[in-house]
Amino acid sequence: MSELPELLHSVWARVAADIEPPLDPEVYDDLNVIDNVDSFTIVNLLLETEVAIEQQTGTYVTLADETIFDAAKSPLRRWADWVAYVEARRG
């Protein structure tokens, strides 16, 4: 899915706008999401991403696993890793 980075960016922009105070909607490869948001926002990001992928592809992809909230292993420690993680889960 070549549009995946754009899709993930649009999801992040929506999620970031819903936070008080809103976060910067821009992303960069080294953005550490897990250090910048609370666990509720991470769950929201996961759910919004799953919905966006399903709407775009017609296929549901589960993104939550045991690494998401692990401070050392989470793919959300770097935006580029998050994009790669979602791509791998998508198959």
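Because the model is predicted, local features need pLDDT of at least 70 and side-chain atom pairs count only at pLDDT 80 or more, while totals for chains, interfaces and linings use all residues.

**Stop 1: threonine 49**

Select threonine 49 in helix H3, residues 39-57 (helices are DSSP runs of H or I with at least four residues, numbered from the N terminus). Threonine 49 is buried, at 1% relative accessible area (buried means under 20%, exposed over 50%, partly exposed in between, with a 1.4 Å probe and protein chains only). Which backbone oxygen does its side chain reach? Show leucine 45: the distance to its backbone oxygen is 2.7 Å. Leaving aside residues up to four places away in sequence, threonine 49 touches Leu8, Val11, Leu63 and Trp82 (contact means heavy atoms within 4.5 Å).

**Stop 2**

The structure holds two aromatic pairs (ring centres of Phe, Tyr and Trp, the latter by its six-membered ring, within 6.5 Å; planes under 30 degrees apart are stacked, over 60 edge-to-face, the rest tilted). In one of them, tryptophan 82 and tyrosine 85 have ring centres 5.7 Å apart and planes at 20°, so they are stacked. Both sit in helix H4 (residues 79-90), about one helical turn apart because three residues separate their positions. Tyrosine 85 is buried too, at 13%.

**Stop 3: the salt bridges**

Now colour the charged side chains; a search of the whole structure finds five salt bridges (a side-chain nitrogen of Lys or Arg within 4 Å of a carboxyl oxygen of Asp or Glu). Among them, aspartate 30 and arginine 78 meet at 2.8 Å, N to O. Aspartate 30 lies in the loop between H1 (4-17) and H2 (33-36) and arginine 78 in the loop between H3 and H4, so this pair ties together parts 48 residues apart in sequence.

Finish at aspartate 65 and arginine 89, whose closest N and O atoms are 3.1 Å apart in a salt bridge. Aspartate 65 is partly exposed at 24%, and arginine 89 is partly exposed at 33%.

How values were computed
Residues numbered from 1 in each chain as written. Heavy atoms only, no water. Helix = DSSP H or I, 4+ residues; strand = E, 2+ residues; numbered from the N terminus. Polar contact = N/O pair within 3.5 Å; in protein donor to acceptor, adjacent residues only side chain to side chain.
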